[in-house]
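I opened this entry to keep track of what I looked up, one topic at a time. The notes follow the order in which I went through the chains.

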Amino acid sequence: MTDIGYVLLVVALIAAVYSAIAFVIGRRQGKPALVESGRNAVLAVCGLLTLCVAALLYLILTHSFQVEYIASYSSRGLPLTYLLSSLWAGNEGSVLFWAWVLSILAAIMVVQKRDVGADLVPYAGAVTMLTETFFLVLLLFVANPFRLLPFTPPDGNGLNPLLQNPGMFFHPPFLLGGYVGFTIPFAFAVSALLSNRLGDEWLVVVRRWTLVAWIMLSIGNLFGGWWAYVELGWGGYFAWDPVENASFMPWLTATAFLHSMMMQRRRGILKVWNIVLIVATFALSILGTFLTRSGVLNSVHSFASSPLLGSMYLGFIAVTLFGSLYLLYLRFPDLRSEAEMESLVSRESTFLLNNLLLVGATFAILLGTFFPIISEAVRGVKVSVGPPFFNWVNGPIFLAVVLLAGVCTLIGWRRASLKNLRHNFLWPGIAGVVLAALLFALGVRRHPVALLAFTACGFVVFTIVSELLRAAGARHRIRGENILKASWGLVTANRPRYGGYLVHIGVVLMAIGIVGSQAFNVEREATLKPGESVTVNRYVVTYDSHDEYQTQNKSTYTAALTVSNGGHFLTRLAPQKYFYADTQQTVTEVAIRSTWAEDLYVIPVGTQDDGTATFKVIVNPLVKWLWTGGTILVLGGVVAFWPNRRKAAPAPARAQGEHDGT
Amino acid sequence: MKSDLRQTPGYCRPALGVDLLKKKKFIIGGAVLLLAIGFLAYRGFAGSAAYYYTVGELLSQGNALSGKVLRVNGQVLAGSVEQKPGNLDLKFTVTQSGQNLPVTYRGVVPDTFKPGGDIVVEGSLAPDGTFVAKTLMPKCPSKYLPVG
């Protein structure tokens, strides 16, 4: 079976190289038959890699521990779900997973019927297949998942218990899916440059591809944060670690791209910028994998490192960047804007500002992440920057981005008149002021930054709601539909626009959760005898008893806690600690009581022979809003992605109306 | 197909002077923005920069570093971990190519902390040569590694 897997990879490599060559020659010499053949080769690569994944899965399920990869990442005792996840849990498997997902996306890309951009497909297919070739070379020469051990161990090493959590089951495939997904928009951008078709075609084609990748990356990041919060037991969800930054940066540039592409489609401006953004997003995606796998930066996440693998990734990034930037340079004269920015007070301006801020944030994060390397090169000492750096830079930037999400909905394209502005901003503005006063009175004044941030968040929600009500009201007057039906009709008639609004609401809710949990969290550590309690804010946490037992491979400690509030019983909590003797691994299961107002988060720290136990109790306000906002963000993305059932309406004319996108 | 602004009747490119004037506003705006981001980055940097050393590099610097915020990279020496029952104090040794640095830490120990595992500790050097860690950042392993 391992031989079969290896041969499949070799054949896939040949097919991928052939496909790229066939596409290029077929396109250049105008031979449709050759292009068709390249297309078939893409399908062949997809089929071969699917078989390859099936072969690895078969080996995993049959516990073939002679395969090094399987011995390293699975074991007999692993439940089925985590056996499945060992497909992508390790380096070799994740590269195979990457190559496989890319081949599926490439197959969809070449099979899709399209009215626009069909001429772009051959070169885009070639770029995709060259990327595929890179990963197949990695699989064959550096990260072969089918490599055999010289002996067959009786059992595998298994999956780290910390990774045995639903969050960790979904986090890697979605993250990888997001990274991989940006290959297709990148390929179309390069294709547009190569074939000198620099109009809107490629943007029309890539909009939904970019959205899919963006949605997957969002889901991947959210699962990662959620896993860290419920499983790692430090009460946080994001720590500005290099690898976390690496998955956040392409998300930022992709978000910027999703906005700036609307500028080109509506006004014919920012053409160069769009290409730069998608190239950057793709390069940052590869960089993410590189950082995870190369160990060049000291991250808590960098896994088994291999210098060869690292330098190959770096080489690929260099080729990608310099290749596409050179093409861009060649085509520069053809990428002139068709219009000018007219006024500082216009929707274009808000989009431009949003783009500058998102890219500025990306740049600052990139700088901070690589600072140890930069400072060593410049001054000979490694200096690293911690979370305060990232918070200082990004806090104000993201506050401005959130605020823009509200402002942009109220400003028309091209040039907004003063009267118009006054009319649109009146009610949301008043509501924002009222909210600020209310929060001030409620005691948020202790923390002016939070007061400012919450007010901005409220203002954005008001603007979006008022905008929806205004449009629904118009529909109500014209069509006689009731407000609810009118709103629903609006949303379904223009999914990209209202999907975008939904994403904005999701972002706002997330911002509320982040600000709340960062600004107002309270921590207390206490060592308690059974029967004693500790009070944190309004909560009284009583340590009732504990339970300890030993099973074959682990010992389990469970504490029984009662939580009450002013003599009022609230809930029981049972935080646990496992200790796996064979691997010396401790796993802490925190206990969380989550409400809309706040999370009560209890970490069992340690126990003593005299029966006392130490706990760390954290009150984390508004964390639930973060997860809810994340869910809404993803849903909004799906709404924006959802195809219109009717035949696609003709694209809106430039610089008219404002019924597409946000 | 879409109507192109250039093909719209009556459209003409604005005169060059107007062009420049408009561009200027946006360029100034962008520059102000970049400066603001730069300022924030500088403030954040001043507040959180930490020298990053391996154990060997740190020890060769002697007392020159006492009081500074440092990050030190090495492995947790197997058998060196001491935790007194009843409190949150932890003592262990970070080692790297045979050189050892004693570390004290108070607080919750992350699950990923393991004897033999890679770790970065953040904190500062006490006058007696022990490292007082404020944060433990053990590496998050993707798989089981046998304990050395």
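I began with burial in chain B: 30% of its 148 residues count as buried. The model is predicted, so I kept the confidence values beside each entry.

Next I listed the elements of chain B and found two helices and seven strands. Along the sequence they run α-β-α-β-β-β-β-β-β. For the contacts in chain B with a separation of 6 or more, I noted that 49% join residues 24 or more positions apart.

I then looked up confidence. The model has an ipTM of 0.77 and a pTM of 0.90. For chain B the mean pLDDT is 76, and 76% of the residues reach 70 or more. Which elements of chain B have the lowest and the highest mean pLDDT? Helix α1 (residues 16-48) of chain B is lowest at 76, and strand β5 (residues 99-106) of chain B is highest at 91. Over residues 1-17 of chain B the pLDDT is below 50, yet this stretch has 19 contacts in the model beyond near neighbours in sequence. Residues 142-148 of chain B also stay under 50, and there I noted 19 contacts beyond four places in sequence. Where pLDDT is low, predicted coordinates should not be read in detail, so I took no geometry from such places.

I turned to the nonpolar cores. The largest has 192 residues, and Ala12(A) and Ala511(A) have the most contacts inside it. Helix α9 (residues 201-232) of chain A supplies the largest share, 20 residues. Another core lies apart from it and has 22 residues, including Leu58(B), Val76(B), Tyr105(B) and Leu125(B). Which residues does Ala12(A) touch, leaving out those up to four places away in sequence? I found Val45(A), Leu48(A), Leu49(A), Cys52(A) and Leu136(A).

I checked one helix of chain A by its span. Helix α12 (residues 307-331) has 25 residues and reaches 36 Å from first to last C-alpha, close to the 36 Å expected at 1.5 Å a residue. Its buried residues are Leu309(A), Met312(A), Tyr313(A), Phe316(A), Thr320(A) and Ser324(A). As background to that list, I noted that an α-helix has 3.6 residues a turn, so residues three or four places apart point the same way.

Last, I looked up the domains of chain A. The division gives domain 1 (1-164), domain 2 (396-516 + 624-641) and domain 3 (522-621). The centres of domain 2 and domain 3 of chain A, taken over C-alpha atoms, are 39 Å apart.

Notes
Residues are numbered from 1 along each chain as its sequence is written. Chains are lettered from A and ligands numbered from 1 in the order in which they are written. This is a predicted model: local features need pLDDT of at least 70, side-chain atom pairs count only at pLDDT 80 or more; totals for chains, interfaces and linings use all residues. A nonpolar core is a set of buried Ala, Val, Leu, Ile, Met, Phe, Trp, Tyr and Cys residues joined through C-beta atoms within 7 Å. A residue is buried if 20 or more other C-beta atoms lie within 10 Å of its own, exposed if 12 or fewer, and partly exposed in between; C-beta atoms are placed from the backbone. Helices (H or I, at least four residues) and strands (E, at least two) are DSSP runs, numbered from the N terminus. Two residues are in contact if their C-beta atoms, placed from the backbone, lie within 7 Å. The expected span of a helix is 1.5 Å times one less than its number of residues. pLDDT is the predictor's confidence in each residue, from 0 to 100. Domain bounds come from an automatic or database domain assignment.
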